[in-house]
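Here are my notes after going through the model you sent over.

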Amino acid sequence: MGSVIEWMPSGAKIAAVCDRKTDSECPSIVFFERNGLERSSFSINEQMDSTIDILRWNCTSDLLAAIVKCEKHDAVKIWLFSNNHWYLKHEIRYSKKDGVKFMWDPTKPMQLICWTLGGHITLYNFIWNTAVTENSISLVVDDSKIFVTPLALSLTPPPMYLFNLKFPSAVREISLYSKNTKNCLAAFLSDGCLCVVELPTVDTWDELEGKQFIVEASISESVFGSVVHLIWLDSHILLAVSRYGFDHYLSRISSNEDGILGFYLQEIELSCSEDHVPGLLTCSGWHAKISHQNSLEGQVIGIAPNPTKRCSAYIQFDGGKISEYTSRIGALKHNDLSFSSSCPWMSVVSVADGGSLKPLLFGLNDIGRLSVGGRILCSNCSSFSLYSNLADQVITHLILATKQDLLYIVGINDILNGKLEMYEDFIHIGNRRREEIKTFINIWERSAKIVGVLHGDEAAVILQTTRGNMECICPRKLVMASIINALVQERFRDALLMVRRHRIDFSVMVDHCGWQAFLQSAAEFVRQVNNLSHITEFVCAIKNENVTEGLYGDIISLPRSKDIKVLKARDPKGLDVNNKVSSVLLAIRKALEEQLPESPARELCILTTLARSDPPLLEEALVRIKVTREMELSSSNDPKRRSYPSAEEALKHLLWLSDSEAVFEAALGLYDLNLAAMVALNSQRDPKEFLPFLQELERMPDLLMRYNIDLRLCRYVNALKHIVSAGDAHYDDFMNLMKKNPQLFSLGLRLINDPAKRKQVLEAWGDHLSEEKCFEDAATTYLCCFSLEKALKSYRACGNWSGVLTVAGLLEMGKDEVMKLAHELSEELQALGKPGEAAKIALEYCGDVNEGINLLISARDWEEALRVAFLHRREDLILEVKNASLECASMLIGEYEESLEKVGKYLARYLAVRQRRLLLAAKLQAEERSMSDLDDDTASEASSNFSGMSAYTTRYDSTRHIALDP
């Protein structure tokens with residue numbers, strides 16, 4: 001055990017250097033617990049004669065740095081512990097004569113300070129850079145190896161991997177190019193070499209599992225300096241930010257040869273002398289040369305390629321200033337969409353805005369401010385990623401995690417249009433009233449970071465915990481967006497598979513742009529899916545509810561295509577647009593018959609569409625089963641029989657989908673007793689329950705059997721027709737059926753031609769109307785059958801005195817009888833409050849002028865009363881009418897004045913009560929506002945542990961600090 005030892009600031013472990021020269025091995029770093037027991041160790045993977053001078057933990061105890069002295073150079077190495085494995089994440093080489101020393105900043109865990117004997121101080125600000133590409137390939141740096149894993153194939157957490165790449169020295173910077181089927185990886189090493197690897201297409205990577213590939217350095221006549229940023233501009237062009245000079249090992253070698261000093265933007269052209277073999281990696285034969293080199297005045301924080309412009313990139317300088325670089329031209333053009341501060345995490349994506357593509361810049365600074373297009377979107381963001389459900393990688397959603405451990409899915413259109421009110425500034429407010437509309441997902445483990453997404457139909461977000469484990473979730477908003485996108489593109493099979501995988505309601509496939517429009521695509525849907533099990537599952541799940549407005553209304557926005565016509569009337573093929581389920585299933589049934597060949601599975605699927613219709617078409621389904629049964633009983637060798645399931649299998653399938661009692665009644669409705677018995681047996685019914693009933697029906701004549709079945713099924717129209725056809729012997733049953741079901745009287749009249757029987761039917765109908773108090777209709781019905789006495793009673797019951805007197809004339813009553821009847825009617829009308837009509841009877845039939853005038857005065861029919869008085873030249877009656885009218889007028893004026901006074905009092909009372917209620921409501925609202933507060937929980941920010949470490953450096957010139965002269 002050596003003399004170099006270092007306590008972890010948290011006190012959990014002690015790091016010490018162990019010399020293993022006796023074992024012919026290089027030194028290793030051993031970790032001990034506080035009680036002195038050895039916990040773990042790892043080798044530094046250097047030569048046997050190398051030594052470790054200094055060990056230092058950072059202030060959060062998650063990074064360990066050391067100075068390793070090798071034969072030709074000294075190196076500052078930084079390790080990370082994650083998922084029970086130590087990764088060498090960064091290596092900085094210095095010459096032996098520099099005598100490099102270092103220390104961690106005591107308060108900033110990602111800041112390293114290095115100085116040399118020459119008095120040059122370099123400040124390194126490290127960031128965790130997630131290396132997950134757009135096609136979900138993860139790259140993990142560990143010393144001179146890169147672990148490669150396609151997350152779309154397997155969610156494998158590091159240090160496990162699919163295959164790894166071995167480089168000549170430790171990896172410092174990496175960049176992956178992925179477009180169409182071409183995948184290229186560039187890596188800058190700690191010894192100043194540039195390595196390039198061309199990877200095969202991802203679908204052939206199964207053969208690479210567990211293998212290691214040796215990567216050779218590219219051949220170059222140029223030196224690249226110390227590369228701090230590296231990206232791809234095209235499949236054969238790299239863009240790098242390099243540092244020259246400042247007494248750095250790599251920088252000094254470069255400056256000595258080329259005589260340049262400072263930061264430079266370099267465009268590197270690549271070419272390969274070897275042919276790429278499909279399915280294999282191209283790890284050698286690469287040539288690199290610097291084609292353009294621009295001097296940079298300021299410090300570069302980050303660079304990102306411009307996806308909307310070929311061979312173009314955006315460069316971020318210190319302070320957030322953005323400039324655009326274009327290949328070949330080599331000029332830097334200032335961009336107006338700058339950030340308000342330096343954003344180490346920067347991404348440039350293409351978005352659709354008004355039918356055209358434009359770049360959109362995202363930047364996240366070290367205090368959690370996420371800037372989009374020059375404005376701050378979120379102030380407590382911990383990590384973010386971008387998702388696209390389109391094949392051309394146009395970004396559609398932003399995924400961000402906050403320091404409160406909440407995951408938000410934000411549509412790009414919402415960002416472009418400024419519709420962000422629903423996200424409430426990405427701060428969760430503990431208010432129960434707002435819990436109903438939840439726009440976020442709770443991350444189950446604190447400080448988990450977003451490391452990538454699976455684009456397209458996968459619609460998944462990959463999270464990594466601080467322990468190193470990875471989890472994959474499929475947010476409902478992304479899933480619904482990918483399903484809707486597939487449906488708009490008419491990729492029905494892909495959409496159906498996503499619906500099944502994520503357990504989404506199948507009705508989404510019908511409702512996404514109006515179920516009437518789906519009817520036009522039913523045939524294409526069946527042709528693409530071509531899986532009867534999936535179609536059957538879809539058919540069973542359809543419901544009349546529109547789930548895009550109800551269940552999923554808050555998380556999806558439906559695209560309305562201009563070329564989709566939503567039908568508003570009855571379809572030419574006879575589909576009822578008011579019944580969604582029946583119309584859709586009818587369209588599916590027709591498509592099954594047209595698109596798919598005959599098979600037992602297809603027949604069962606068709607039976608499913610019939611059973612799930614609204615209402616169920618059980619009789620039509622039983623007819624199909626009956627045809628199959630007849631084919632079986634015929635004992636013919638018809639090859640068509642092989643295309644249908646057995647009748648028993650089909651019937652069991654129908655009974656599984658429907659209520660057995662409803663199927664039994666539907667079989668009875670076909671008047672097929674054998675089929676009904678078959679249904680009863682297969683529905684596990686007791687033979688004692690149904691056999692006597694079926695045997696009794698079998699012994700009846702055919703018409704009586706049908707009549708009794710119709711009565712059981714409450715099909716009274718058919719029962720009436722059958723009992724009429726049975727003959728006069730069953731006329732009593734005919735009459736009783738109509739009396740019990742009065743709605744059949746009109747049909748009974750059409751079925752009977754005998755006048756005597758029609759008269760009986762009409763009289764029975766009139767009796768029913770009289771019982772229902774429909775006296776006017778009853779009187780008319782009685783008149784049709786010349787039952788005048790009953791018609792007279794009905795007219796008198798409804799107060800129709802003109803009808804009563806008309807029927808009295810038809811009965812040829814005497815004058816005295818009519819006079820008596822008129823007096824009775826007059827008294828009845830007065831009792832009913834109809835003095836005007838009673839006056840007409842008194843004047844016209846009784847000849848009593850005095851009584852008639854009095855009744856008209858009671859009815860306040862002044863004009864008619866004066867007319868009658870003048871007609872009979874009765875001055876006394878004229879005066880009586882005048883006096884009565886004056887008395888009535890004065891009474892009405894008095895009532896009006898009294899009512900006007902009451903209305904004034906009621907209005908004053910209403911205004912007073914309303915004013916008090918408004919004051920009370922304002923007081924209650926003020927109390928609620930004073931009691932409400934904001935529950936703004938903050939969460940600590942932790943670094944993601946998934947990928948390589950990048951660094952941007954700040955130089956301290958020796959002229960500004962004390963130099964150590966020899």
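Predicted model: local features only at pLDDT ≥ 70, side-chain atom pairs only at ≥ 80, totals over all residues.

What follows is a set of numbered points on local features.

1. First, the ground rules. Residues are numbered from 1 along each chain as its sequence is written, and side-chain values use heavy atoms, with hydrogens and water left out.

2. Aromatics. A search of the whole structure turns up 24 aromatic pairs; rings of Phe, Tyr and Trp (its six-membered ring) pair if their centres lie within 6.5 Å, and planes under 30 degrees apart count as stacked, over 60 as edge-to-face and the rest as tilted. Take Phe42 and Trp79: their ring centres are 5.2 Å apart and the planes sit at 55°, so this pair is tilted. The pair links distant parts of the chain, with Phe42 in strand β4 (residues 38–43) and Trp79 in strand β7 (residues 73–82), 37 residues apart. Strands here are DSSP runs of E, at least two residues long, and helices are runs of H or I, at least four, numbered from the N terminus. Phe42 counts as buried at 11% relative accessibility, and Trp79 does too, at 3%. Buried means under 20% relative accessible area, exposed over 50%, and partly exposed in between (1.4 Å probe, protein chains only).

3. The ring cluster. Phe42 and Trp79 also belong to a cluster that ring pairs build from Phe31, Phe42, Trp57, Trp79, Phe81 and Trp86. Look at Phe31 in particular: the charged end of Lys13 sits over its ring, 5.8 Å from the centre. The criterion is NZ of Lys or CZ of Arg within 6 Å of the ring centre and within 35 degrees of the ring normal. Lys89 does likewise over the ring of Tyr87, with its charged end 4.9 Å from the centre.

4. Asn84 is not a glycine, yet has a positive phi of about 65°. Most residues other than glycine have a negative phi, and most peptide bonds are trans. Asn84 lies in the loop between β7 and β8 (85–95) and is exposed, with a relative accessible area of 70%. Cys714 is another non-glycine with a positive phi, about 60°, and its place is the loop between α16 and α17 (716–725).

5. Cis peptides. Pro158 to Pro159 is cis, with omega near 10°, and Pro159 is in the loop between β13 (145–150) and β14 (163–166). Asp614 and Pro615 are also joined by a cis peptide bond, with omega about 0°. Pro615 falls in the loop between α10 (600–611) and α11.

6. How many disulfides are there? Zero, on a search of the whole structure, where a disulfide is a pair of cysteine sulfur atoms within 2.5 Å. For Cys272, the nearest cysteine sulfur is that of Cys184, 9.3 Å away. Cys343 is also in no disulfide, and its nearest cysteine sulfur, that of Cys381, is 11 Å away. Cys272 is partly exposed at 28% relative accessibility, whereas Cys343 is buried at 1%.

7. A hairpin worth a look. Strand β35 (residues 449–454) has six of its six residues buried, so it is largely enclosed by the rest of the structure. Five bridges join β35 to the antiparallel strand β36 (residues 460–464); strands pair if DSSP finds at least two bridges between them. Lys449 stands opposite Gln464 in β36. The two strands form a hairpin with five residues between them, and Gly456 in the turn has a positive phi of about 70°.

8. Helix α13 (residues 660–669). Its buried residues are Val663, Phe664, Ala666, Ala667, Leu668 and Gly669. Those residues pack against α11 (618–633), α12 (647–657), α14 (673–682), α15 (687–699) and α16 (702–712), with contact meaning heavy atoms within 4.5 Å. After α13 comes Tyr671, whose phi is positive, near 60°.
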